[in-house]
Amino acid sequence: MKKIKIGVISFEHMHALSYTKALKNIPDVELAGIADEDEFRGTQMAYRFQTRYYRDYHELLDSDIDGVIICTSNQKHCRVSVEAAEKGKHVLVEKPFAMKLEEAREMLETAREHQVRIMNAFPMRFNSSVIEAKRIIDNGEIGKILSITGINHGKIPSGWFIDPEQSGGGGIMDHTVHLADLMRWFTGSEYCAAYCEGGSLIHNKNIDDCGIVAAELESGAFVTIDCSWAHHACYPIWPQVDMEIIGDKGTLEVKAFAQVNRIYDNKKGTIEDVVWNDDGDEGLIQEFAEVCRTGKQPNASGFDGAKALELALASYESLRTHEKAVVQHI
């Protein structure tokens, strides 16, 4: 079997570390290089994972890799993804897919033109709890979905995440897209309208750290997403993805990170939750490796990423006007 070569561009995003760890664990896949404009960070990661370091990612793209994982800041997603596709490389880009719909169109069109696949990093599609929920829904066990309430909380990040010029937005941009994707996946329907309220209410960083999104789908389903950076510094867990799915035949609750060991340390004065179930990252990277090997249509495609972005952008338009916004489609 041919050895697949995959590179990683940037460790600006925290998920690059877990993705690279997962990549190293896949047989017949080679981590062919790490590119990072931050020389200290890049050489540190290249040493840690025993691979070649590239300061200029163009040199990595000029090599004989089959695909590339892009974990830059959000503002660079479009440019780097387009350049990778133009070089004939399959692409896995961190979420959100892009910052604007125009960028999303360019990314999808370039991948199509150069006959490569582009994925968006939606690891929740590969979480075992979510997969089981999808099976139950598809089997018709709860009937037609009428509504979904969702929570995707986390701690506020730092650096470029809280610079709107580099991130495109705060908690609403960062945390809406995961649940927006899952809700669209579960219902098989597209978003048509959104209403959002939010703001900088907790951390005083001049960027939205709280948000509630209410959205309508073409199927008639109604969903809500609490996408806030609401966990304080001492909160025992980072991720929280919970959903209550109401059907006309039953109700389904999903807690994607409920399998934890809670550790109370009296000496340190801390409470820590250690998640021991799969977080979806390994499944995501295994899927990308298979895409690079076979060229298959991926689960969690770039198109899926663009559709989730549509809801995030409509939410910001509603936040601006304090009125319901029509979801604009690519």
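The model is a predicted one, in which local features need pLDDT of at least 70 and side-chain atom pairs count only at pLDDT 80 or more, while totals for chains, interfaces and linings use all residues. Residues are numbered from 1 along each chain as its sequence is written, and side-chain values use heavy atoms, with hydrogens and water left out.

Helix 10 itself covers residues 302–321, and at 1.5 Å a residue its 20 residues should span 28 Å, which agrees with the 29 Å between its end C-alpha atoms; the expected span is 1.5 Å times one less than the number of residues. Because 15 of these 20 residues are buried, helix 10 is largely enclosed by the rest of the structure, where buried means under 20% relative accessible area, exposed over 50% and partly exposed in between, with a 1.4 Å probe and protein chains only.

Turning to the sheet, 6 strands form an open, parallel arrangement in the order 3-2-1-4-5-6, with strand 3 (53–54) and strand 6 (118–120) at the edges, each pairing on one side only. Two strands pair if DSSP finds at least two bridges between them, and 4 bridges join strand 4 (residues 67–70) to strand 5 (residues 90–93), which run parallel.

Tryptophan 160 and phenylalanine 161 are both buried.

Notes:
Helix = DSSP H or I, 4+ residues; strand = E, 2+ residues; numbered from the N terminus.
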